[in-house]
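Morning, everyone. Please look at the chain on the screen, and I will walk you through it.

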Amino acid sequence: MIKVLKVVAHIVWAVSMIGLGTLIGASYGWAHHGWIGAIALGIVGFSVGAFLAIDPLIVLEFLHGGV
């Protein structure tokens, strides 16, 4: 039961981080560079979101300011 909850939480975390990164990148690109910027920065945001989705501790370390 705990393993299932852990997997579900990781899936929700991954989807939300990838979606948030893509949304932020695409909206910034659209506002400042048009549709080409939205595509390019959306891809960059997707990549950053995928990196952050690997492990939630990476985000916590970043927010904490390191060890």
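**The pocket and the bent helix**

Start with the largest pocket: its volume is about 150 Å³. A pocket here is an open set of points on a 1 Å grid over the protein atoms alone, where a 1.4 Å probe fits, with protein on both sides within 12 Å along at least five of seven lines. The volume is the space filled by probe spheres set on those points, which are joined across faces, edges and corners.

A word on the source. This is a predicted model, where local features need pLDDT of at least 70, side-chain atom pairs count only at pLDDT 80 or more, and totals for chains, interfaces and linings use all residues. Residues are numbered from 1 along each chain as its sequence is written, and side-chain values use heavy atoms, without hydrogens or water.

Which residues line the largest pocket? Among them are Met 17, Leu 20, Gly 21, Ile 24, Val 44, Gly 45 and Leu 52. Lining means having an atom within 4 Å of a point. By class, that lining has seven nonpolar, four polar and no charged residues. Ala, Val, Leu, Ile, Met, Phe, Trp, Tyr, Cys and Pro count as nonpolar; Asp, Glu, Lys and Arg as charged; the others, Gly among them, as polar.

Now the helices. The chain has two helices and zero strands. These are DSSP runs, numbered from the N terminus: helices are H or I with at least four residues, strands E with at least two.

Take helix 1, residues 2-54. Its end C-alpha atoms are only 19 Å apart, while a straight helix would reach 78 Å. That expected span is 1.5 Å times one less than the number of residues. Where is the kink in helix 1 centred? On His 33, at about 155 degrees. The bend is the angle between axes fitted to the seven residues ending there and the seven starting there.

Next, Ala 53, also in helix 1. Ala 53 is buried, at 7% relative accessible area. Buried means under 20%, exposed over 50%, partly exposed in between, with a 1.4 Å probe and protein chains only. Ala 53 and Gly 21 are 32 residues apart in sequence, yet 10.0 Å apart in space, C-alpha to C-alpha.

Last, Phe 46 in helix 1. Phe 46 counts as partly exposed, because its relative accessibility is 44%.
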